[in-house]
Amino acid sequence: MFRFLSLAVAALLLASGAAVAQVKIGLMVSATGPTTAIGTPQKNTGDLLPTRIGLISVEYIQYDDGGDTTRGVQNAKKLLQEHHIDALIGPSTTPIALAILELVAEAKVPLMATVGTSSVVEPLDAKRRWVFKTTQNDDLIAGALIKHMNKAGVKTIGFIGFNDPYGENWHKVFSALAEKSGIRVIANERYARTDQSVTGQSLKILAAKPDAVLIAAVGGPAVLPQATLRDQGYKGTIYQTHAVATDDFIKLGKDKVEGTILAAGPMLVIDEIPAGNPTRKVAQAYIAAYEKQFGVKPATFGANTWDGGLLLERAIPIAAKAGQPGTEAFRVALRDALEQLKEVVGCQGVFNMSATNHNGMDERARVLVTIRDGKFRLLPE
């Protein structure tokens, strides 16, 4: 569970003149729609976040966007303009995250982004300086996949990803890193999250005869191109991104996803992670709290919300010394405090934020994973 400030420390904050009031935190999720496998554990995790940090009370205001960008923007406006939140955790999808960047920057409200793509924090411009990301950046995950590809003798790759910022950024990041490692992307295809067929795209990939295929998609929709390729006879290795780290991916894909290689946070295979890994204890505590409340083990996507809350828990007391919650002074101080956090151990990794890095995760935040006998299993690097 969260490590709360002691009453003694909170009293010192009061004595120092810090105005302590109620902090309002918005939660944006896609608990319905095509990305429900991601949004549901994030929605549930919102119920586990602390309502008090020392003597500071915290109110959470949650909205479901159904995976729809227009609805997501509307929800963000409500949270910012009507509820006057001090911070925002979410959303569940990259397109919505990118669509609300300008809104959070104008309102000067820190955003704890729980999406996969690094494009929400890179390049770190005037808008993105208000965004902090609680999932592994694309280059960190891509690096692990490329390392495996090199060891496996892969020289050519077929790529298929979403025709949105998630797929586009993955192609950009992966292609650049792959080229440096002597791997060529010889097929490049796209599809929509709601598509029911990718026959044409998969046939083009098959015609290129790549050594392996990388799919850059999220959750259940990531099964479609993999199942299609297998049905059409593709025998090579298929790689996926950390966005398929959910049991629903296995349930939907069944035997078609056996042997998949991905890189993800240690929590995905927490029972196989060595006891010395710093994230193990934090992840196990989160899993236990989630199971007690909801009766099931959480998908790793819920941990992104948990880690967002953990980072805010560390930063809120610091910001409270500089201003009253609900004011611009507090929100600016909160952003500055988040930027200074060091060695914060979360479920997904260890965070070291800075003025130039609003993700702060290193190789401790990733492990190689395969799917064997219908389960995610740790794959030695």
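A salt bridge here is a side-chain nitrogen of Lys or Arg within 4 Å of a carboxyl oxygen of Asp or Glu. Please keep that in mind for the first part. The model is a predicted one.

By this rule the count comes to 11 salt bridges. Let me start with Glu 343 and Arg 364, whose side chains meet at 3.2 Å, N to O. This pair links distant parts of the chain, 21 residues apart. Glu 343 sits in the loop between helix 13 and strand 12, and Arg 364 in the loop between strand 13 and strand 14. How accessible are the two partners? Glu 343 is partly exposed at 43% relative accessibility, and Arg 364 is also partly exposed, at 29%.

Next, there is a network: salt bridges with shared partners join Arg 335, Asp 336 and Glu 339. Within it, Arg 335 and Asp 336 have their closest N and O atoms 2.9 Å apart. Arg 335 counts as buried because its relative accessibility is 3%, under the 20% limit. Asp 336 is partly exposed, with a relative accessible area of 30%.

One further pair is Arg 190 with Glu 168, at 2.7 Å, N to O. Arg 190 belongs to strand 8 and Glu 168 to helix 7, and they are 22 residues apart. Arg 190 is buried at 18%, while Glu 168 is partly exposed at 39%.

Helix 2 and strand 15, like helix 10, each supply at least two. By class, this lining has 13 nonpolar, 4 polar and 8 charged residues.

The second largest pocket holds about 150 Å³. Its lining includes Ser 118, Ser 119, Asp 139 and Lys 172. Helix 7, the helix that carries Glu 168, gives the largest share here, 3 residues. The classes are 2 nonpolar, 3 polar and 3 charged.

Last, the cavities. A search of the whole structure finds 2 of 30 Å³ or more. The largest cavity has a volume of about 200 Å³. Of its 21 lining residues, Val 115, Gly 116, Ala 243, Phe 301 and Asn 304 lie nearest the centre. Helix 12 gives the most to this lining, with 3 residues. The lining divides into 8 nonpolar, 12 polar and 1 charged.

Definitions and conventions:
Residues are numbered from 1 along each chain as its sequence is written. This is a predicted model: local features need pLDDT of at least 70, side-chain atom pairs count only at pLDDT 80 or more; totals for chains, interfaces and linings use all residues. Side-chain values use heavy atoms; hydrogens and water are left out. Helices (H or I, at least four residues) and strands (E, at least two) are DSSP runs, numbered from the N terminus. Ala, Val, Leu, Ile, Met, Phe, Trp, Tyr, Cys and Pro count as nonpolar, Asp, Glu, Lys and Arg as charged, and the others, Gly among them, as polar. On a 1 Å grid over the protein atoms alone, a cavity is a set of points where a 1.4 Å probe fits but cannot get out, and a pocket is an open set with protein on both sides within 12 Å along at least five of seven lines; lining residues have an atom within 4 Å of a point. Grid points are joined across faces, edges and corners, and a volume is the space filled by probe spheres set on the points. Buried means under 20% relative accessible area, exposed over 50%, partly exposed in between (1.4 Å probe, protein chains only).
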